[in-house]
Amino acid sequence: RDERRLDLPVVLVSAQGDGEVAAQAFRFGAADYLVKHASYLFELPAVLEAVHDRAQLAREQAALRESEALVRAVLDSLTAQVAVLDAQGTIISVNQAWRDFATRNGASPATVNPVGVGYLAACKGVSAPGGDETARRAAAGIQAVLDGERERFSLEYPCDAADEERWFLMNVSRRLGPHGGATIAHENITERKFAELRLQLSEANLRAIADNASVGIRVNFEGR
């Protein structure tokens, strides 16, 4: 079976009914063992059906593990910090970028590996009275996606470190399939935000120069 790479279960039928023969059969890969006796042919169909069912289940479980490994590999290859939520807003998975970011920023173990934590509860805790308006908007947007009111929700927000200003973009997408839920990705957009600010300052400076010039100057800020 191994040499031909056939995924076929083997049932050993033997006239010898001692335990050593059975143990040896299983060591060599037999799926089951049947002793020949007067009525063994009547038992054989049920044995073969049970072996077939077990083999089919094993193949399905292997395919599921392979699929889960592929999904994990794809998630871990992304640079954005990704959290996958169930329909109730509980985190069921995060990717490697999430864990790395949390570790670099001195987060608690529960934040580094937050499976089982309520994402919405964390947002609402921050957005309690006197809390963060951005967190309130985030919680409302995520809830709308979970409730099926929106397919997607996006939010740009500041998240400064001790030694630098940072901006992130949160994209929330509804999970397809019967179980619902959402996928949340946080991407660092600090470089883009700073470029936008530099452009705004440059345009403001040009306008100031034009306003104070002694001669008429026409400035086209759209590049045409």
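Arg192 and Glu196 both lie in helix 7 (residues 190-212), where four residues, about one turn of the helix, separate them; helices (H or I, at least four residues) and strands (E, at least two) are DSSP runs numbered from the N terminus. The model is a predicted one, in which local features need pLDDT of at least 70 and side-chain atom pairs count only at pLDDT 80 or more, while totals for chains, interfaces and linings use all residues. Residues are numbered from 1 along each chain as its sequence is written, and side-chain values use heavy atoms, with hydrogens and water left out.

Arg192 forms a salt bridge with Glu196, with the closest N and O atoms 3.2 Å apart, a salt bridge being a side-chain nitrogen of Lys or Arg within 4 Å of a carboxyl oxygen of Asp or Glu. Arg192 is partly exposed at a relative accessible area of 35%, and Glu196 is likewise partly exposed at 31%, where buried means under 20% relative accessible area, exposed over 50%, and partly exposed in between (1.4 Å probe, protein chains only). A network of salt bridges links Glu156, Arg192, Lys193 and Glu196, and the structure holds eight salt bridges.

In helix 6, the side chains of Glu133 and Arg136 meet in a salt bridge (2.9 Å, N to O), and these residues, three apart in the helix, are separated by about one helical turn. The salt bridge between the side chains of Arg174 and Glu151 (3.2 Å, N to O) involves strand 6 on one side and the loop between helix 6 and strand 5 on the other, so the pair ties together parts that are 23 residues apart in sequence. Arg174 is partly exposed, with a relative accessible area of 33%, as is Glu151 at 44%.

The protein chain has seven helices and seven strands, and buried residues make up 27% of its 224 residues. The largest nonpolar core has 22 residues, and those with the most contacts inside it are Leu85, Tyr119, Ile142, Phe153, Met170, Val172 and Ile184; such a core is a set of buried Ala, Val, Leu, Ile, Met, Phe, Trp, Tyr and Cys residues joined through side-chain atoms within 4.5 Å. Elements that each supply at least two residues of this core include strand 3 (81-85), helix 3 (96-104) and strand 7 (182-188), whereas helix 6 gives the most, with five residues. In helix 3, Ala97, Trp98, Arg99, Phe101 and Ala102 are buried, and just after this helix Gly106 takes a positive phi of about 70°.
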